[in-house]
Amino acid sequence: MTAPAKREPVTGPLLEIEDLVVEFAGDEETVRAVDGAGYTVAPGETLGVVGESGSGKSVTAMSALGLIRPPGRVVSGRVVFDGSDLRAMAPRELRRLRGGRIAMIFQDPTTALNPVMSIGAQIGEALRLHRRGMSRAKARARAAELLTLVGVPGAERRLKQYPHEFSGGMRQRAMIAMAIANDPDLLIADEPTTALDVTVQAQVLDLIRLTRRETGAATVLITHDLGVVAELADRVVVMYAGRVVEHGAVAAIFDSPRHPYTRGLLESLPALDGEAGDLTPIPGSPPAPGEIAEGCAFAPRCPMARDRCRVERPELVQLGAVAGGRGGSSPHLETGAGRGSACHFHHELAGEETDARA
Ligand code: ADP
Ligand code: MG
């Protein structure tokens, strides 16, 4: 295994997505699912990607795996992994990358597991695909080690079983074992806990922590659960209607969101101490991709919206370090790729604290 990536100075981003536009062709119309979104992930860091369902989180991440297929199409933008342009890569190279240096964990492990192959054979195949010359016996031994590592008891016996003989939680573990088999540099976890009950959710989050520790992998953690982000992520990207509306370090975003959408998400989050408090869900629902009007896509639901928001689409702007302070109390350290907001009136949010966290 490679040494875990250091958190300190980073030479360059491991993953860079810039100005990504992805469309899906339908019978009637072409739908723009991602409309100029982008983010960067540094080696070893965990980036949380949040936003309501349909905001383009999965499609953006899938572009980093070269997994956008017809009727989907990457129309424009840059997707660069460790210096290589993924959009220019041959399918063979992409296949080598997936399950090798880039691993995936999905919400539903059944999509990642082959129902007619034993768990041992699948993990073994994942290993042998990326390590030529690894013997079957060696792959099997390593598969047992990996299953044990992710907390599947009786790994030797379990290797012979098929996915349907595993419970939901155990299948999730098997998928994670497969994901970390090749010591990835980047792990993409798309709603890894959404379908699970609370106890298993906690176990899976522990496993993601374990995975990071074992592999030092950078992680893109897609979730609509801000609580998960607070626990695991270093930085957050907030997506709405196919765009990034805010990004920044977790502490900065949670203390002092600079986009009304982020604030809305935080106010609809139960306090982390378990008290429900005054939960205020964001009224309305996100626009369907075809229905985004002029101006800011969030304006129809935004308590701060005014005329300008309905005609002029706000660009994502970098916020200066000075704007991070709260009247001099505890200035925030701006980290990584800094902090940005796509709200015309982000400065009005500076200095306000969210009720949800008070
Ligand atoms: P999220 O992961 O944030 O819930 P997605 O990235 O999955 O959202 O999808 C964003 C939008 O892209 C969807 O609302 C849908 O309109 C469109 N989309 C995604 N996948 C497909 C697909 N396979 N075919 C057609 N449209 C799709
Ligand atoms: Mg999704």
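Asp183 sits in the loop between helix 7 and strand 7 (186-190), where helices (H or I, at least four residues) and strands (E, at least two) are DSSP runs numbered from the N terminus. The backbone of Asp183 has a positive phi of about 55°, although the residue is not a glycine. With a relative accessibility of 13%, Asp183 counts as buried; buried means under 20% relative accessible area, exposed over 50%, and partly exposed in between, with a 1.4 Å probe and protein chains only.

A word on the ground rules before going further. This is a predicted model, in which local features need pLDDT of at least 70 and side-chain atom pairs count only at pLDDT 80 or more, while totals for chains, interfaces and linings use all residues. Residues are numbered from 1 along each chain as its sequence is written, chains are lettered from A and ligands numbered from 1 in the order in which they are written, and side-chain values use heavy atoms, with hydrogens and water left out.

Helix 7 covers residues 168-180, which makes 13 residues. From its first C-alpha to its last, helix 7 reaches 19 Å, close to the 18 Å expected at 1.5 Å a residue; the expected span is 1.5 Å times one less than the number of residues. Helix 7 is mostly covered, with 12 of its 13 residues buried. Among the buried residues are Gly169, Met170, Arg171, Gln172 and Arg173.

A cis peptide bond joins Pro70 to Pro71, with omega near 10°. Pro71 belongs to the loop between helix 1 and strand 4 (72-81).

**Around ligand 1**

Which residues are around ligand 1? They are Phe24, Val31, Ala33, Glu52, Ser53, Gly54, Ser55, Gly56, Lys57, Ser58, Val59 and Pro289, where a residue counts as near if one of its heavy atoms lies within 4 Å of the molecule. By class, this shell has 5 nonpolar, 5 polar and 2 charged residues; Ala, Val, Leu, Ile, Met, Phe, Trp, Tyr, Cys and Pro count as nonpolar, Asp, Glu, Lys and Arg as charged, and the others, Gly among them, as polar. Strand 2 (30-41) and helix 1 (57-63) each supply at least two residues of the shell, and the largest share, 3 residues, comes from helix 1.

| Residue | Atom in the residue | Distance to an oxygen atom of ligand 1 |
|---|---|---|
| Gly56 | polar backbone atom | 3.0 Å |
| Ser58 | polar side-chain atom | 2.8 Å |
| Val59 | backbone N or O atom | 2.9 Å |

The protein covers 62% of the 560 Å² of accessible area that ligand 1 has on its own. Accessible areas come from the Shrake-Rupley method with a 1.4 Å probe, and for residues only the protein chains shown count as cover.

**Aromatic pairs**

How many aromatic pairs does the structure hold? There are 3 aromatic pairs; rings of Phe, Tyr and Trp (its six-membered ring) pair if their centres lie within 6.5 Å, and planes under 30 degrees apart count as stacked, over 60 as edge-to-face and the rest as tilted. The rings of Tyr240 and Phe298 have centres 5.2 Å apart and planes at 80°, so this pair is edge-to-face. The pair links distant parts of the chain, 58 residues apart: Tyr240 is in strand 9 (residues 235-240), and Phe298 is in the loop between helix 11 (260-267) and helix 12 (307-311). Tyr240 is buried, at 2% relative accessible area, and Phe298 is also buried, at 2%. Tyr240, Tyr261 and Phe298 form one aromatic cluster.

**Contacts across the sequence**

Val50, in strand 3 (residues 46-50), is buried with a relative accessible area of 1%. The C-alpha atoms of Val50 and Met239 are separated by 6.1 Å, with the residues 189 apart along the chain. Leu226 and Val50 are 176 residues apart along the chain, and their C-alpha atoms are separated by 7.1 Å. Leu226 is in helix 9 (residues 226-232) and counts as buried at 6% relative accessibility.

Ala121, in helix 4 (residues 119-130), is partly exposed, with a relative accessible area of 31%. Ala121 and Ala143 are 22 residues apart in sequence and 8.6 Å apart in space, C-alpha to C-alpha.

Notes. A polar contact is a pair of N or O atoms within 3.5 Å; within protein, one must be able to donate a hydrogen and the other to accept it, and residues adjacent in sequence count only if both atoms are side-chain atoms.
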